[in-house]
Amino acid sequence: MIRFKDVSKQYSTKDGGLTAVNDVNIEINDGEIFGIVGYSGAGKSTLVRMLDGLEAPSTGEIDIDGTDVAKLSGSALRKQRQKIGMIFQHFNLLWSRTVIDNVALPLEIAKVPKNKRLQRAESLIKLVGLEGREHSYPSELSGGQKQRVGIARALANEPTILISDEATSALDPDTTNEVLELLLKINKEMNLTILLITHEMHAIAKTCDKVAVMDSGQVVESGTVFEVFRHPQQQVTKNFVSEEFTTQKGDTTMTLEELVKKYPEGQLVRLIFHGPQAELPIVSDVIKRYPDLTISIISGAIHQTQEGALGSLDLQFIGDESKINDALGYLKTMRVGTEVIHHE
Ligand SMILES: Nc1ncnc2c1ncn2[C@@H]1O[C@H](COP(=O)(O)OP(=O)(O)OP(=O)(O)O)[C@@H](O)[C@H]1O
């Protein structure tokens, strides 16, 4: 288990002190895929550097399986670091080395005999689906393939934790999905704990069991992905969830701003429902119950999360405000998440 307990990190800068991480408490269970989402500067990378022992917290404790990482040094710290694999946005591969030599590099550093390390590298290359590319150079690979090499290399020392720091941020949507599928596969096959640092809510929705939302160094919201998507509490979380719901592929690629511009009248309301609710005639019920309201369906999308499908439906309500409020109240009694995204 990974435990951040009352963790803060201050940097001294020429303008005085800067709190990069502010009183963070997070618990991550073994085998979990845990997402940390936040905009640039929220403190995500600082948190990860402290987990890897590259930075010490100013206050608080970071435990991995009961060991306080900040108290380790020398060979104990190096040994602890071997339990953590990392993958990065820009892959950090050695360009003069072939795929197999990149993957075997951590084993070389750990002084594993040549035969053994090549054997392990080969099995990892197979695991990440790069068989046949062992002797290619990184420059001969696509972005997705480079990240597969990064993943194989990160697994070389048989870590128990994998940190993915914006590892899909430089990839196109299809390649992102392939890499996320691979992370899901190795999580299941190796019971690896994965910490997914990202600003992409889509990556969180697709892979994570739980998520913590960071803003200005603080964890402002956390919980299961399903609950955070259904009932985002803080504005920053609402923005992330909204981005994911409005930047879906297909017909609904309008941003919130474009939606509001196109449908300025009345109220634009986003309904969020999950699996079994999708089968209930909730929308037709509302239309029948409130005949004085004009209710138009604007867009909809389905999102797969680890706990099942979540649907979003954007509706435009035109009519008397108190009747609209009654209709929204009715939807709430049906346990449908409602969020007014624009009010005339
Ligand atoms: N070594 C440092 N010295 C001073 N300030 C720092 C240092 N490292 C990070 N910071 C500051 O701490 C804050 C958090 O940075 P951090 O890199 O952890 O955020 P982030 O969420 O990972 O963002 P990004 O995705 O852009 O890296 C920022 O204001 C950043 O400028």
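Colleague: Which residue in strand 13 stands opposite I295?
Modeller: This is a predicted model, in which local features need pLDDT of at least 70, side-chain atom pairs count only at pLDDT 80 or more, and totals for chains, interfaces and linings use all residues. Residues are numbered from 1 along each chain as its sequence is written. Strands (E, at least two residues) and helices (H or I, at least four) are DSSP runs, numbered from the N terminus. In strand 13, the residue opposite I295 is F317.

Colleague: Over how many bridges do strand 12 and strand 13 pair?
Modeller: Two strands count as paired if DSSP finds at least two bridges between them. Strand 12 and strand 13 form a hairpin, with 2 residues between them. Their pairing is antiparallel, and the number of bridges is 11.

Colleague: What is the bridge partner of Q267 in strand 13?
Modeller: Strand 11 (residues 267–274) pairs with strand 13 (residues 308–318) in the antiparallel sense, over 8 bridges. Within strand 13, Q267 has as its bridge partner F317.

Colleague: In what order do the 4 strands form the open sheet?
Modeller: Strand 12 (294–305) and strand 14 (337–343) are the edge strands, as each pairs on one side only. Neighbouring strands of the sheet are turned against each other by 20 degrees on average, direction ignored. The pairing is antiparallel, and the order is 12-13-11-14.

Colleague: Is helix 5 roughly parallel or roughly antiparallel to helix 6?
Modeller: Helix 5 (residues 143–154) packs against helix 6 (residues 173–190) at an angle of about 20 degrees, with the axes 9 Å apart. Axes are lines fitted to C-alpha atoms, for helices over the stretch in contact, and angles run from 0 to 180 degrees between N-to-C directions. Angles under 35 degrees count as roughly parallel, over 145 as roughly antiparallel, 65 to 115 as roughly perpendicular and the rest as oblique. Helix 5 and helix 6 are therefore roughly parallel.

Colleague: How do the residues of the contact of helix 5 with helix 6 divide into nonpolar, polar and charged?
Modeller: G143, G144, Q147, R148 and I151 in helix 5 meet T175, E178, V179 and L182 in helix 6, where contact requires C-beta atoms, placed from the backbone, within 7 Å. Ala, Val, Leu, Ile, Met, Phe, Trp, Tyr, Cys and Pro count as nonpolar, Asp, Glu, Lys and Arg as charged, and the others, Gly among them, as polar. The division is 3 nonpolar, 4 polar and 2 charged.

Colleague: Is the crossing of helix 3 and helix 4 left-handed or right-handed?
Modeller: Helix 3 (residues 99–109) and helix 4 (residues 114–127) pack at about 125 degrees, with their axes 9 Å apart. That angle makes helix 3 oblique to helix 4. A crossing is left-handed if the near helix is turned anticlockwise from the far one by less than a right angle, and right-handed if clockwise. The crossing of helix 3 and helix 4 is right-handed.

Colleague: How many charged residues has the contact of helix 3 with helix 4?
Modeller: V99, I100, V103, A104, L107 and E108 in helix 3 meet R117, L118, R120, A121, E122, L124 and I125 in helix 4. Of these, 9 are nonpolar and none is polar, while the number of charged residues is 4.

Colleague: Which residues in helix 13 do I282, V286 and R289 meet?
Modeller: Helix 12 (residues 282–289) and helix 13 (residues 321–333) pack at an angle of about 145 degrees, with their axes 11 Å apart. Their crossing is right-handed. From helix 12, I282, V286 and R289 meet A327, Y330 and L331.

Terms used:
Contact = placed C-beta atoms within 7 Å.
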